[in-house]
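Please keep the sequence and the structure in view while reading.

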Amino acid sequence: MLSKKTKYGLKALTFIARSEGDSPVQVGEIAKSEQIPQKFLESILLTLRKAGILGSKKGKHGGYYLRKEPSEILMTEVMRVLEGPIAMVPCVSLNFYEKCDDCPNEHLCSVNKLMIQVRDSTLKVFRNTTLADLSAT
């Protein structure tokens, strides 16, 4: 299941991408519009800033802005930052691989084979979806 952190992060990124002009978007504006608890949203936006997806500006007219064009922000990057590994089990993860403790042979494991298919299908969707796709109205 998708965590609230990821769901809210996607909503916030979409809101920022849809914002008109070059001005940073204030946290309170996003929180109110998307009905996201502001303190939780601040934490999510900070995570996205640390990952280089967002930039921030302090001060009266401060807020958050995208560091790249929406068409350059792939969902694989966003999902890994907010949700962690894309694979459902560690033995099929491309970036966070770990051998499963309860599996003597990955190559004969039916769960492994199924989860590779799930991972590959999920990656195909995420790799072919950008923030521009999500924010298109």
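Helices and strands are taken here as DSSP runs, a helix being a run of H or I with at least four residues and a strand a run of E with at least two, and they are numbered from the N terminus. The model is a predicted one, in which local features need pLDDT of at least 70 and side-chain atom pairs count only at pLDDT 80 or more, while totals for chains, interfaces and linings use all residues. Residues are numbered from 1 along each chain as its sequence is written, and side-chain values use heavy atoms, with hydrogens and water left out.

The chain contains 6 helices and 2 strands. Read from the N terminus, these elements follow the order α-α-α-β-β-α-α-α. The C-alpha trace spans about 60 × 25 × 25 Å along its principal axes. A residue is called buried when its relative accessible area is under 20%, exposed when it is over 50%, and partly exposed in between, with a 1.4 Å probe and protein chains only. Of the 137 residues, 38% count as buried. Contact means heavy atoms within 4.5 Å; among the contacts with a separation of 6 or more, 60% join residues 24 or more positions apart.

The loop between helix H2 (27-34) and H3 holds Gln35. Most residues other than glycine have a negative phi. Gln35, however, has a positive phi near 55°. Is this residue buried or exposed? Gln35 is exposed, with a relative accessibility of 69%.

Helix H3 covers residues 38-50 and includes both Lys39 and Glu42, which lie 3 residues apart, about one turn of the helix. Their side chains form a salt bridge, with N to O at 3.9 Å. The term salt bridge denotes a side-chain nitrogen of Lys or Arg within 4 Å of a carboxyl oxygen of Asp or Glu. Lys39 is exposed at 66% relative accessibility, whereas Glu42 is partly exposed at 29%.

How many salt bridges does this rule give? The count is 3. Another of them links the side chains of Lys68 and Glu77, at 3.2 Å from N to O. Lys68 is partly exposed at 30%, and Glu77 is also partly exposed, at 25%. Arg119 and Asp120 form a salt bridge as well, their closest N and O atoms being 2.8 Å apart. Here Arg119 is buried, with a relative accessible area of 13%, while Asp120 is partly exposed at 37%.

The two strands come next. Strands pair if DSSP finds at least two bridges between them. Strand S1 (residues 54-57) and strand S2 (residues 63-66) run antiparallel and are joined by 4 bridges. One of the bridge pairs consists of Lys57 and its partner Gly63 in S2. The hairpin has 5 residues between the strands, and Gly59 takes a positive phi near 110° in this hairpin.

Finally, two helices may be examined together. The axes of helix H4 (residues 75-83) and helix H5 (residues 110-127) come within 7 Å and cross at roughly 115°; such axes are lines fitted to C-alpha atoms over the stretch in contact, and the angles run from 0 to 180 degrees between N-to-C directions. Which residues make the contact? On H4 they are Met75, Thr76, Met79 and Arg80, and on H5 they are Leu123, Phe126 and Arg127. These residues divide into 4 nonpolar, 1 polar and 2 charged, where Ala, Val, Leu, Ile, Met, Phe, Trp, Tyr, Cys and Pro count as nonpolar, Asp, Glu, Lys and Arg as charged, and the others, Gly among them, as polar.
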